[in-house]
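Open the model in your viewer and keep the sequence panel in view. The stops below say what to select and what is there.

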Amino acid sequence: PRLPRRRATCEDYLLLENMNKLTSLKYMEMKDISINISRNLQDLNNKYASLQPYLDQINKIEEQVSSLEQAAYKLDAYSKKLEARFKKLEKR
């Protein structure tokens, strides 16, 4: 069974108009929020770009420290071998 059709009243149109106005306001708020997010993201990208040379330097220093650490381990191992040889020669 079909429901009887109801005619739109002035109140229905006013309700639709108010709903449309509220929806429009919400979209404007969302637009403002999106603009702020976009600005903040751009600011962060600019800050990151300005820090990039320093980050590159940090990476390079980290690589050099790692290389230096490996050299120190090799030097330590070599000095222990020399010490053992020296002690061996001292005993003769």
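How many positive and negative side chains does the chain have, and how far apart do the centres of the two sets lie? Select Lys and Arg in one colour, Asp and Glu in another: there are 18 positive and 13 negative side chains, and the centres of these two sets are 7 Å apart. Keep in mind that this is a predicted model.

Next, show the whole chain as a cartoon. It has 1 helix and 0 strands. The C-alpha atoms fill a box of roughly 120 × 40 × 10 Å along the principal axes. The radius of gyration is 37 Å, whereas a compact globule of 92 residues would have one near 12 Å.

Now select residues 10-91, which form helix α1.

Move along α1 to Gln 52. A kink of about 45° lies there, shortly before the proline Pro 53.

Then select Glu 62, also in helix α1. Is this residue buried or exposed? Its relative accessible area is 53%, so Glu 62 is exposed, the cut-off being over 50%.

Of the 92 residues, 0% count as buried.

Methods. Residues are numbered from 1 along each chain as its sequence is written. This is a predicted model: local features need pLDDT of at least 70, side-chain atom pairs count only at pLDDT 80 or more; totals for chains, interfaces and linings use all residues. Side-chain values use heavy atoms; hydrogens and water are left out. Helices (H or I, at least four residues) and strands (E, at least two) are DSSP runs, numbered from the N terminus. The expected span of a helix is 1.5 Å times one less than its number of residues. The bend at a residue is the angle between axes fitted to the seven residues ending there and the seven starting there. The radius of gyration is taken over C-alpha atoms; the globule rule is 2.2 Å times the number of residues to the power 0.38. Buried means under 20% relative accessible area, exposed over 50%, partly exposed in between (1.4 Å probe, protein chains only). Lys and Arg count as positive and Asp and Glu as negative; His and the chain ends are not counted. The place of a charge is taken as NZ of Lys, CZ of Arg, CG of Asp or CD of Glu.
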